[in-house]
Amino acid sequence: MNRTNNHAECVGKHMPKDDAVPVSAMPKNIMLDKWADIGFAWSGEVPVSSFERLSEQVEIESGDQIIKVQVALKKTNGILWLGFDVMGQLMVSCQRCLEPMAVDVTGEYRLAVLFDETLIEQLQDAEYILVSELNAGKMLPIKDLLEDELLLILPLSLHHDDCDMPIEMTKNGNDDESRENPFLVLASLKSDLN
């Protein structure tokens, strides 16, 4: 059986036979009952616009951005691992100059998928998710988990390394002299008390 192209079985829904939904579209969820023991693999190109939260962070004027993704669900030594191999860049706005800038999201991301907490000690500081905390029943939301990983890659402050502020700061020497010291009132109150 070719698991990489069987989108209908991955999401547990009947897909139409026409071209309304491409067979190569990344599945939103996969059924853990079916794929946990035999493994799952998918690869293809994913438009960034298909990720709701991530698409809010990217440059809309740059057109629909595409990232290449490989997904693998595999059991190793009794632990179920979800791996994402991602290649691509996201165009975002610099928060200083507001010009577009590229953020490389290329990398390998790996999560242990645990059915209970007893296996946490075997992970050796690896990242994990508990199936019971996903609130997805027997479905593993691989697309949402990938989006989470991509959002975590983005820096908190998106700016070019060599970016200068476009606003010139001007200082007028008269401004300091024209302001009255707010503590002068407190000083006069203190002298009145003494």
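A charge sits over a ring if NZ of Lys or CZ of Arg is within 6 Å of the ring centre and within 35 degrees of the ring normal. With that in mind, look at Lys 143: its charged end is over the ring of Phe 51, 5.5 Å from the centre. Arg 110 does this too, over the face of Trp 81, at 3.8 Å from the ring centre.

Okay, some housekeeping. This is a predicted model, so local features need pLDDT of at least 70 and side-chain atom pairs count only at pLDDT 80 or more, while totals for chains, interfaces and linings use all residues. Residues are numbered from 1 along each chain as its sequence is written, and side-chain values use heavy atoms, with hydrogens and water left out.

Now the overall picture. We have six helices and nine strands; these are DSSP runs numbered from the N terminus, helices being H or I with at least four residues and strands being E with at least two. Of the 194 residues, 31% are buried. Buried means under 20% relative accessible area, exposed means over 50%, and partly exposed is in between, with a 1.4 Å probe and protein chains only. The protein exposes about 13,200 Å², and carbon and sulfur atoms supply 50% of that. Those areas come from the Shrake-Rupley method with a 1.4 Å probe, and for residues only the protein chains shown count as cover.

So which residues does Val 92 touch, leaving aside neighbours within four places in sequence? Val 92 sits in strand E5, residues 89-93, and counts as buried because its relative accessibility is 0%. Its contacts (heavy atoms within 4.5 Å) are Gln 57, Val 58, Glu 59, Glu 99, Pro 100, Met 101, Val 103 and Leu 158.

Next, aromatics. The structure has one aromatic pair: Trp 35 and Phe 40, edge-to-face, 5.3 Å centre to centre with 65° between the planes. The rule is that rings of Phe, Tyr and Trp (its six-membered ring) pair if their centres lie within 6.5 Å; planes under 30 degrees apart are stacked, over 60 edge-to-face, and the rest tilted. Both Trp 35 and Phe 40 are buried.

On to charges. Side chains of opposite charge can pair when their charged atoms come close. A salt bridge here is a side-chain nitrogen of Lys or Arg within 4 Å of a carboxyl oxygen of Asp or Glu, and the count comes to five. One of them joins Lys 28 and Asp 144, closest N and O atoms 3.5 Å apart. Lys 28 is in the loop between helix H1 (7-11) and strand E1 (30-31) and Asp 144 is in helix H4 (residues 142-153), so this pair ties together parts 116 residues apart in sequence.

Another is Arg 53 with Glu 147, at 3.2 Å between the closest N and O atoms. Arg 53 lies in helix H3 (residues 52-55) and Glu 147 in helix H4, so parts 94 residues apart in sequence are tied together. Salt bridges that share partners join Arg 53, Glu 147 and Asp 148 into one network. Is Glu 147 buried or exposed? Buried, because its relative accessible area is 4%.

Last stop, the surface. Phe 183, Val 185, Leu 186 and Leu 189 form a nonpolar patch with about 410 Å² of accessible area together. Patches are made of residues with over 30% relative accessible area and no salt bridge: like charges are joined within 9 Å, nonpolar side chains (Val, Leu, Ile, Met, Phe, Trp, Tyr) within 5 Å. Phe 183 is in the loop between helix H5 (173-178) and helix H6 (184-193), and counts as exposed because its relative accessibility is 56%.
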